[in-house]
Amino acid sequence: MTILKPNRIAFAAFGALALATLAGVSSRASAEPFIIPPPKPDVATNTATSSEPRSIVLAGGCFWGVQGVYQHTKGVLQAVSGYAGGSADSARYDTVSTGSTGHAESVKITYDPKQINLGKILQIYFSVVHDPTQLNRQGPDSGTQYRSAIFTSQPEEQKIAKDYIAELNAAKIYKRPIVTKIEPMNGFYPAENYHQDYLTLHPYQPYIAFNDIPKVDNLKKLFAADYRDKPVLVRDAKATN
């Protein structure tokens, strides 16, 4: 049984009315999209010497939309919704939703470094995935579990993310400072099955239609060369294992 947070229940209950009355809610999805400059030096240039898959864990509000964007990104091998920032014993949806566990709703992105690198993944993250100037919230969702965070496991990843944020702040790309936290990757815990592939399975659910489908549309519009129409789904990976 799918359990939704109160704000998501509101979207489902009020349907089209919710879309109209909440049209004024501030969200990255509803804002005019624009491409954030890539990191400098230009790490978008492919310098990978290994074909081994790499991974990064990103948090930027509800994981449904974050997962959906990267499932439509070329070079991404898998995008799994889950929890990061807290302990294993509290990595459950009902507990994380209290905002008291230290966890953030996150997505583990596994990618082929020969096709896409961390610079491009972060450029998409700051351009279409979320608003990195919102502290502990995204759109209608609020709480530390919706914080903007990059979980890194290697010094190189940490440096790229830190330098990129400093670069964007110095250039005043946003009207407000970026509040994205760079946190150590101490564990990632996949979310319950009903949260996986949620955007693809429920494209007309009002919360998804208002908050998340526009993000995928913006990916297609702004990063056409990096967009793929057919998403890479968690359920497909399970079916082949």
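Buried means under 20% relative accessible area, exposed means over 50%, and partly exposed lies in between, with a 1.4 Å probe and protein chains only. Nine of the nine residues of H3 are buried, and the helix is mostly covered.

A word on the source. This is a predicted model, where local features need pLDDT of at least 70, side-chain atom pairs count only at pLDDT 80 or more, and totals for chains, interfaces and linings use all residues. Residues are numbered from 1 along each chain as its sequence is written, and side-chain values use heavy atoms, leaving out hydrogens and water.

Helix and strand labels come next. Helices (H or I, at least four residues) and strands (E, at least two) are DSSP runs, numbered from the N terminus.

Now, how does H3 pack? Two packed helices are described by the angle between their axes and the distance between the axes. Axes are lines fitted to C-alpha atoms, for helices over the stretch in contact, and angles run from 0 to 180 degrees between N-to-C directions.

Take H8 as the partner, residues 206–222. The axes of H3 and H8 come within 9 Å and cross at roughly 25°. H3 and H8 are therefore roughly parallel to each other. The cut-offs: under 35 degrees is roughly parallel, over 145 roughly antiparallel, 65 to 115 roughly perpendicular, and the rest oblique. On the H3 side, the contact is made by Trp64, Gly65, Gly68 and Val69. On the H8 side, Tyr207, Ile208, Asp212, Lys215, Val216 and Leu219 take part. Contact here means heavy atoms within 4.5 Å.

H3 and H5 pack at an angle of about 130°, with their axes 11 Å apart. That makes H3 oblique to H5. Val66, Val69 and Tyr70 of H3 meet Ile121, Ile124, Tyr125, Val128 and Val129 of H5. By class, this contact of H3 with H5 has eight nonpolar, no polar and no charged residues. Ala, Val, Leu, Ile, Met, Phe, Trp, Tyr, Cys and Pro count as nonpolar, Asp, Glu, Lys and Arg as charged, and the others, Gly among them, as polar.

Stay with H5. How many residues of H5 are buried? 12 of the 12, so H5 is largely enclosed by the rest of the structure. Its buried residues pack against strand S1 (54–60), H3, strand S3 (104–111), strand S6 (148–152), H6 and H8.

Let's look at H6. The axes of H5 and H6 come within 11 Å and cross at roughly 45°. H5 and H6 are therefore oblique to each other. Leu118, Leu122, Gln123 and Phe126 of H5 contact residues of H6 including Tyr164, Ile165 and Leu168.

Pick out Ile165. At 9% relative accessibility, Ile165 counts as buried. Leaving aside neighbours within four places in sequence, Ile165 is in contact with Phe126, Ile178, Thr180 and Ile182.

Last topic: the core. The largest nonpolar core has 45 residues. Such a core is a set of buried Ala, Val, Leu, Ile, Met, Phe, Trp, Tyr and Cys residues joined through side-chain atoms within 4.5 Å. Which residues have the most contacts inside it? They are Leu58, Tyr70, Leu122 and Phe126. Apart from it lies another core, of nine residues, among them Val80, Ala84, Phe151 and Val234.
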